Amino acid sequence: MAQMNMVQAINDALRLEMKRDDRVVVLGEDVGKVGGVFRVTAGLYDEFGEERVIDTPLSEGGIIGTAIGMALYGLVPVPEIQFADFIFPAYDQIVSELAKYRYRSGGEYPCKMVIRTPVGGGIRGGHYHSQSPEAQFIHVAGLKVVCPSNAADAKGLLLAAIRDPDPVLFFEPKRVYRAAKGEVPEGDYTVPLGQAKVVRPGKDVTIVTWGAMVYEALDAANKASVEGVECEIVDLRTLWPLDIDSVVGSVKKTGRLVVVHEAPRSCGLGGEIVALVNEKAFLHLEAPPVRVTGFDTPFPYTLEMEYLPLAHRILPAVLATAKY
Amino acid sequence: MTTVSNDRGPHHRSAERRPEDALAADVLRVMRPDGSLDPAADPHLSDAEVLELYRAMVRTRVVDERAVALQRQGRIGFHIGSLGEEATIVGSAFALRPQDWLFPCYREFGAALLRGLPLERYFDNLFGNAGDLAKGRQMPDHWCDRAHRLGSVSSPIGTQITQAVGFAWAARLRREDVVALVYFGDGATSSSDFHNGLNFAGVYRTPTVLLCRNNGWAISVPTARQTASEGFASKGAAYGVHGVRCDGNDLFAVVRACREAIARASRGDGPTLVEALTYRMSGHSTSDDPKAYRPEGEVARFGELDPIERLRAHLVLRGQWSAPAEAALHAELAEQVRACLAAAEQKPAPALASMFEDVYAEPPWHLCEQREALLAGPRAKGHGG
């Protein structure tokens, strides 16, 4: 085991898989010589060369469009979109093409890749370096969506994603890129897609969250514990297809649900989780499910800490749910 | 004092299409008006090859006209064809080598048939039945056929351009001699994917042939509203991509231009933007009525350049074709079409549960739940027709 932050763990996974499978190519803006603006691909260019770690023209649509062609040829592209906020020029290629290739060709053309992109706020990035657009991809049939919260999961999930037969959006919570430091197993291992993890057991309230907000939920849970409320925190890890058994199982135990995410509230993944829990565990509920989320505004710059669903907003929601 | 004006001056040439465009000095032509070939440009096809291509072009038109009739009769929902563009479509597909791949737009079923898509499979696609390789999941003319190196048709405009570039780029990275040829119309040159595709192709010198079917219209919008430049081949220069124009209604010119582009790509000299000057003699699709926007008489003027009639005149001049041969060909094609159509029309709709297959490699829990709910519930009327 080595101590690594999330940047190092993802870098480790990429290096490992590029060594294991020569079909894997990394491409994107600034991913080559400079190793990415967050240095996630640092050193890969020197190790694997410019044909496998490719600095591309500044065009997200071009990156994903050509990566689809590479995937159809039989390569395994791992394109990086520099910030999730800049993924929208590629939205047509992702939604109309990548997500539908296998289906529209009757299974003749599976088209898989892992699109890595930093996500989320709290880094003073304003509108265009802070958003969490996961729901806009979950709503599209054919995509898988992953968001790790810690270094060990990030490595194992990325290795699983690259080996998965389906296209995966791999959202990396940049607020904790370096803060999420921990023990990371050496060598090859995977964290299976579609499996959540209970990161804190508890009997009173279930908190479902992912990415950087896992730490806020833990903070809130520790404070709630002082008040006698024990939270169970489910870190989804794979946002879609989500681990319904873990979510419903926890809610059946606690009878209470708080969902926390950075993305805007309306039509966010939290709404879908609440609907699923209502459908599958209604008679176990002791209180109305609650969402603690970003607001239905563009992501603000100066007031970003008010926008984010941090521990100070999670705690009162947890306590109110517990006392309902 | 300087003045700013939108007037481009008397020497500006626009993209407005006229039948005489193909006579411009920068346009590759092989067939002369009398049907003979310019020996300096002749791609030297064998007699058998020319006959094969003539038959393929006629087959494309016969199938096209039959598909329109099927739509009018309410037997299929839609058709988008290639009336008048047969030389561009068939000639370009013929130029490919066995190892090359074709990335279609949506008008190139004639190319697919030439490359080996069985005619019955094409009709299966028009009916969206259980025999359709796309399992009835897309509109008619949105086919695919991996076994014959034919990509998958989608409706969004231009998306296949960047994909073909990426595909060819991958071949180059793997040191494999494979060229990807991608089709798109003049309208697609306004898409971001045209820009992205040419830009990436130029930067990485990918072995791609980018074939623009300049057919004069994008649904109701004329070519002059897609660009202020004279045609499209010149756009390659800004991307470092070789550009050529050819008479798209001259089979020999299309074959020559595409063969040269494929050879250039194959030897590592990069991509080529081929602009084929042709003309859409039909509406955009069976859902379109061009009377609302197309000047009267335009089809007749361009009809003088009908690629099938020009090739037939060439064959007659060579003594390779006759009225009885023409009648025999049409009788043979009618029988082929009848048999394939009858077989396709009898096939059932895809199985209900197949709706949930191929979304992912394996259906996750939520799709299994939805599938079971659908199977257990009431059936809709009118599907599968």
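# A tour of chains A and B

Start in chain A: select Ile207(A), whose bridge partner in E13(A) is Val258(A). This is a predicted model, where local features need pLDDT of at least 70 and side-chain atom pairs count only at pLDDT 80 or more, while totals for chains, interfaces and linings use all residues. Residues are numbered from 1 along each chain as its sequence is written, chains are lettered from A and ligands numbered from 1 in the order in which they are written, and side-chain values use heavy atoms, with hydrogens and water left out.

**Stop 1: the sheet**

Select strand E10 (residues 205-209) and strand E13 (residues 257-264) of chain A. Three bridges join E10(A) to E13(A), and these strands run parallel. Strands here are DSSP runs of E, at least two residues; helices are runs of H or I, at least four; both are numbered from the N terminus. Two strands pair if DSSP finds at least two bridges between them. Strands of a sheet pair through backbone hydrogen bonds, either parallel or antiparallel.

Now show the whole open sheet of chain A: five strands, in the order E9-E11-E10-E13-E14, with mixed pairing. Which are the edge strands? They are E9 (197-200) and E14 (290-294) of chain A, each pairing on one side only. Neighbouring strands of this sheet are turned by 25° against each other on average, direction ignored.

Contact means heavy atoms within 4.5 Å. Axes are lines fitted to C-alpha atoms, for helices over the stretch in contact, and angles run from 0 to 180 degrees between N-to-C directions.

**Stop 2: the interface**

Show both chains. Here 46 residues of chain A are in contact with 46 residues of chain B. Select Tyr73(A), Tyr103(A) and Arg104(A): they supply 21% of the area that chain A buries against chain B, more than any other three residues. Buried area is the accessible area (1.4 Å probe) that two parts lose on being put together, summed over both.

Next, find Lys280(A) and Glu369(B). They form a salt bridge, with the closest N and O atoms 2.4 Å apart. The rule asks for a side-chain nitrogen of Lys or Arg within 4 Å of a carboxyl oxygen of Asp or Glu. Across this interface of chain A and chain B, three salt bridges are found.

**Stop 3**

Finish at Arg20(A) and Glu17(A), whose side chains meet in a salt bridge (2.8 Å, N to O). Both lie in helix H1 (residues 6-20) of chain A, three residues apart, about one turn of the helix.
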